[in-house]
Amino acid sequence: MGLRVIEVNHLTKLFGNAVAVNDISFSVEEGEILGFLGPNGAGKTTLIQLLLGLITATAGEIKILGIDLIKDREAILSQVNFSSSYVSMPTSLTLWENLSVFAKLYGIKNHEGKIDSLLTLFEINHLKDSLTRNLSSGQQTRLSLAKALLNSPKILFLDEPTASLDPDIADKTRTLLKSIRNKSRTTILYTSHNMKEMQEISDRIVFLDQGEIIACGTPNEIIQNFEEENLEDVFLKIARRKVENIE
Ligand SMILES: Nc1ncnc2c1ncn2[C@@H]1O[C@H](COP(=O)(O)OP(=O)(O)OP(=O)(O)O)[C@@H](O)[C@H]1O
Ligand SMILES: [Mg+2]
């Protein structure tokens, strides 16, 4: 068994009386690509925000890289990073300025070369002097992914990283994420509503529904457990089972 880089024990998050994350436990090994799957409102974004310490848990424990998140969040944050299609970067700066600001915050040495290579990697080098507010949503996503790789994180948290990408760039991003994992043993936790993508790049899937883990395993294990042909059918089975229960 590989090194455990994330350990979550009996994690719960309430918003008022509403339970967003309900007593969940799981662990993640170094170098795993783990997909959080589940319907809208299942608790995926909440879980990522909890793992980043952006919101505090109502109950439970989170250990990242062996460190208790509550006790030493700073020691963890320098070794992880985050990207979301829905969190935009400061819009009045150019792409280059934005990445420079983050690189300086992260204390990256020789950051100009690093920024250059990331802009090239995500095919946005020609936009480096454009204002961030003028980017299309897919271009903003690529900028956000470039930011997330600046500090060569040990763990990457990605909330719907490919949601606004065109099929070509989405495919390149998947290939890139796999190659980063293969080269650097980076652990990647991500969410997506693209079932084909989930099936293709996840080593393991945690299936969330109403804040609870209802299935966990390799894509094939989950498909077999639900006696379906593919993940899309598993998803529909679960969603429709819920409707039947309500009726
Ligand atoms: N800041 C908040 N205040 C109150 N309720 C919240 C807050 N953030 C999330 N919730 C609630 O918690 C639940 C889980 O939301 P979350 O955003 O984690 O879902 P999700 O799985 O990411 O869904 P989606 O697929 O739509 O992105 C939802 O019922 C949501 O309404
Ligand atoms: Mg979400």
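Predicted model: local features only at pLDDT ≥ 70, side-chain atom pairs only at ≥ 80, totals over all residues.
**Exercise 1. The shell around ligand 1**

Work out which residues surround ligand 1, and how many of them are nonpolar, polar and charged.

*Solution.* Start by listing the neighbours. Ligand 1 has around it Phe 15, Ala 20, Pro 39, Asn 40, Gly 41, Ala 42, Gly 43, Lys 44, Thr 45, Thr 46, Glu 160 and His 193. Next, sort that shell by class: 4 residues are nonpolar, 6 are polar and 2 are charged. Finally, look at the secondary structure. Helix H1, residues 44-51, supplies the largest share of the shell, with 3 residues.

**Exercise 2. Polar contacts of ligand 1**

Find what lies 2.9 Å from an oxygen atom of ligand 1 in Asn 40 and in Gly 43, then turn to His 193.

*Solution.* Take Asn 40 to begin with: an N or O atom of its side chain sits 2.9 Å from a ligand 1 oxygen. For His 193, a polar atom of the side chain is 2.8 Å from an oxygen atom of the ligand. Now consider the surface: ligand 1 taken alone exposes 640 Å², and the protein buries 56% of that area.

**Exercise 3. How helix H3 packs**

Decide whether H3 is oblique or roughly parallel to H4, and then to H5.

*Solution.* Begin with H3 (residues 95-106) and H4 (residues 111-121), whose axes come within 10 Å and cross at roughly 130 degrees. Because of that angle, H3 is oblique to H4. Their crossing is right-handed. Move on to H5 (residues 137-149): its axis and that of H3 come within 10 Å, crossing at roughly 25 degrees. Angles under 35 degrees count as roughly parallel, so H3 is roughly parallel to H5. The crossing of H3 with H5 is right-handed.

Definitions and conventions:
Residues numbered from 1 in each chain as written. Chains lettered and ligands numbered in written order. Heavy atoms only, no water. Near = heavy atom within 4 Å. Polar contact = N/O pair within 3.5 Å; in protein donor to acceptor, adjacent residues only side chain to side chain. Areas by Shrake-Rupley, 256 points an atom, 1.4 Å probe, with all protein chains shown as cover. Helix = DSSP H or I, 4+ residues; strand = E, 2+ residues; numbered from the N terminus. Nonpolar A, V, L, I, M, F, W, Y, C, P; charged D, E, K, R; others polar. Axes fitted to C-alpha atoms, helices over the stretch in contact; angles between N-to-C directions. Parallel < 35°, antiparallel > 145°, perpendicular 65-115°, else oblique. Left-handed = near helix turned anticlockwise from the far one by under 90°.
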